[in-house]
Amino acid sequence: MPAETRLWWLERFVARHRDKLAWIHVGMFFGFMALMIIPLFLPLPGDQATFYDNFTLFANFVIWGLWFPLVFVSVIFTGRSWCGVLCPLGAASEWANGIGMKRPVPRWVRWEGTPIVSFIVITVLAQTVDARGFPQGIAIIFGLAFACAVVLGLVYGPGKKKRPWCRHMCPIGLMLGVFSRIGAIQFAPKRPRAGGDAYAEKGPCPTMIDLNRKAESRHCIECFRCVHPEAKGGLKLIARWPGAEVAQIRKYDPNASEIWFLFLATGLSIGGFLWLALPQYDWLRQFVGTWAIERGWYWIGTAGPAWLMSVHPDGREVYTWLDFFMITVSMLACAVALTAVLAALTSLSSSIAGALGADLRFRARFVEQAYAYMPVAMVSLAIGLGGELFEALPLLGVPAALIPAIKLGLFALGVLWSLVLGSRLLAGQGLRGAKRSLALLPLIAGVAVIGLAWWPAIFGL
Ligand code: SF4
Ligand code: SF4
């Protein structure tokens with residue numbers, strides 16, 4: 001395949017059937033609602049129940065075992081197609097915007113850190129309400145995201161049918177957007193204008209992309225609204241090699257906020273697994289609990305509100321304020337620690353590269369080189385989050401003994417991809433031979449740190 005191929009057939013197919021997209025959104029909306037709401041009215045599954053014969057377990061498997069990991073994997077092949085074609089939240093937000101107040105999007109929403117905060121809040125809340133374990137937890141997480149998407153759509157976003165939630169605040173969209181940079185799909189202007197990516201509240205794009213200046217994939221939700229195959233203007237759909245954009249990231253608007261998100265999100269997700277897996281967590285919890293009780297803080301041993309933490313006496317799980325604080329603090333500590341380590345290693349790589357004659361200033365090199373972690377972070381996340389999917393593979397005839405090997409193979413692929421990417425990024429900065437290898441060493445250490453941190457979650461202790 002050449003470096004880039006225009007997908008005429010897909011452009012024409014979507015242009016012909018664009019009017020049917022609304023029906024897909026309606027179907028997805030009712031499907032998602034059924035998965036979220038019906039289990040709330042069913043008794044908790046018995047110990048012998050499986051997802052074959054119990055709707056609650058079936059809904060849980062569809063959401064965490066299929067939807068979550070597969071949406072991540074789909075980004076490599078089709079970019080943010082989930083957002084533009086299937087997501088009922090984004091569609092509801094856009095619909096609300098069509099009848100809403102259409103106020104200009106305020107600066108606090110447009111701030112690059114807003115989706116990072118939103119991601120942290122939702123990820124930690126998903127743990128404290130145990131969204132993987134109980135349908136009430138799923139309903140809280142998705143209900144909150146749904147309400148925010150609709151309210152933001154109703155209030156902000158001048159122009160026709162904009163999606164301020166999808167551009168600025170959606171935690172899933174942020175993650176998909178960052179990883180879509182390694183995707184095999186790109187929407188590119190037919191008549192590109194110089195000046196780099198820009199924000200445009202006017203125009204047809206629901207995520208406010210200035211179409212003729214579009215370069216990066218991050219904010220494109222693949223709604224196809226700008227694609228008119230036979231017209232001279234607008235955007236065209238291109239297939240490219242996965243990773244092509246990241247390997248030449250300097251041409252595609254590299255962004256420091258993405259890097260901080262990549263570091264923090266990786267650490268936070270690892271933290272969400274480690275507190276369950278590491279025995280040290282129980283020891284620390286015991287220590288903090290005793291310390292608090294000795295000071296007369298008895299409230300710390302009581303259960304809090306069910307919208308903030310898991311309170312399911314029937315399901316033999318009741319979190320106390322102690323659990324809430326311990327889970328939150330451990331996850332945040334893990335995120336900060338991993339961010340500090342990766343930032344230090346990337347700084348070292350950037351400094352070495354600078355001393356050996358690489359181009360760009362320190363900060364730009366730092367940002368560019370940090371994109372090398374993207375493949376290993378994404379693959380680890382997909383394997384870690386897809387635990388249920390791997391557990392279900394024996395039902396499809398895959399021998400159970402083969403599953404660790406499959407995980408290891410995917411994991412090794414992510415590691416290898418990151419290392420090759422790091423090397424290419426350094427080559428792009430003008431380093432060759434031994435100089436490049438030397439500057440690569442800290443990045444290799446960073447990739448190893450991500451791999452080792454995920455190891456207990458993916459392969460057990
Ligand atoms: S950004 Fe979020 S709400 Fe919007 S379409 Fe994507 S996943 Fe759905
Ligand atoms: S660039 Fe085009 S396909 Fe992408 S979100 Fe904007 S209008 Fe939709």
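**Close-up views of a predicted model**

**View 1. Arg316 lies in the loop between S4 and S5.** The structure shown here and in the other views is a predicted model. Strand S4 spans residues 311–312 and strand S5 spans 317–318, and Asp314 is also placed in the loop between these strands. Most residues other than glycine have a negative phi. Arg316 has a positive phi of about 55°, although it is not a glycine. Arg316 counts as exposed because its relative accessibility is 72%, over the 50% cut-off. Asp314 is exposed as well, with a relative accessible area of 68%.

**View 2. Lys102 sits in the loop between H5 and helix H6.** Helix H6 covers residues 107–110. Lys102 is not a glycine, yet its phi is positive, at about 55°. With 31% relative accessibility, Lys102 counts as partly exposed, because the value falls between the 20% and 50% cut-offs.

**View 3. Asn97 belongs to helix H5.** Pro158 is 61 residues from Asn97 along the chain, and their C-alpha atoms are separated by 8.5 Å.

**View 4. Ligand 2 takes up the space of the second largest cavity.** Around ligand 2 there are 14 residues, and the closest of them are Cys205, Cys220, Ile221, Cys223 and Cys226. By class, the shell around ligand 2 is made up of 11 nonpolar residues, one polar residue and two charged residues.

**View 5. Phe68 and Phe72 form an aromatic pair within helix H3.** A pair of aromatic rings is described by the distance of the centres and the angle of the planes. The count for the model comes to 30 aromatic pairs. One of these is the pair of Phe68 and Phe72, with ring centres 5.4 Å apart and planes at 75°, an edge-to-face arrangement. The two residues are four positions apart in helix H3 (residues 55–78), about one turn of the helix. Both Phe68 and Phe72 are buried.

**View 6. Trp291 and Trp297 form an edge-to-face aromatic pair.** The ring centres of Trp291 and Trp297 are 5.4 Å apart, and the angle between the planes is 90°. Relative accessibility is 37% for Trp291, which therefore counts as partly exposed. Trp297 is partly exposed too, with a relative accessible area of 36%.

**View 7. Trp64 is one member of a cluster of aromatic residues.** Ring pairs link Trp64 with Phe32, Trp67, Phe68, Phe72, Trp82 and Phe142 in this cluster. Trp64 lies in helix H3. Its relative accessible area of 6% is under the 20% cut-off, so Trp64 is buried. Trp64 and Ala131 are 67 residues apart in sequence, and their C-alpha atoms are 9.4 Å apart in space.

**View 8. Arg6 and Arg110 are shown with the aromatic rings of Trp8 and Tyr199.** The charged end of Arg6 sits over the ring of Trp8, at 3.6 Å from the ring centre. Arg110 lies over the face of Tyr199, and here the distance to the ring centre is 3.8 Å.

Methods
Residues numbered from 1 in each chain as written. Chains lettered and ligands numbered in written order. Predicted model: local features only at pLDDT ≥ 70, side-chain atom pairs only at ≥ 80, totals over all residues. Heavy atoms only, no water. Phe/Tyr/Trp six-rings, centres within 6.5 Å; stacked < 30°, edge-to-face > 60°. Buried < 20%, exposed > 50% of the residue type's maximum accessible area, 1.4 Å probe, protein only. Lys NZ or Arg CZ within 6 Å of the ring centre and 35° of its normal. Near = heavy atom within 4 Å. 1 Å grid on protein atoms, 1.4 Å probe; cavity = no way out; pocket = protein on both sides within 12 Å on 5 of 7 lines; lining within 4 Å. Sits in = over half its atoms within 2 Å of the grid points. Nonpolar A, V, L, I, M, F, W, Y, C, P; charged D, E, K, R; others polar.
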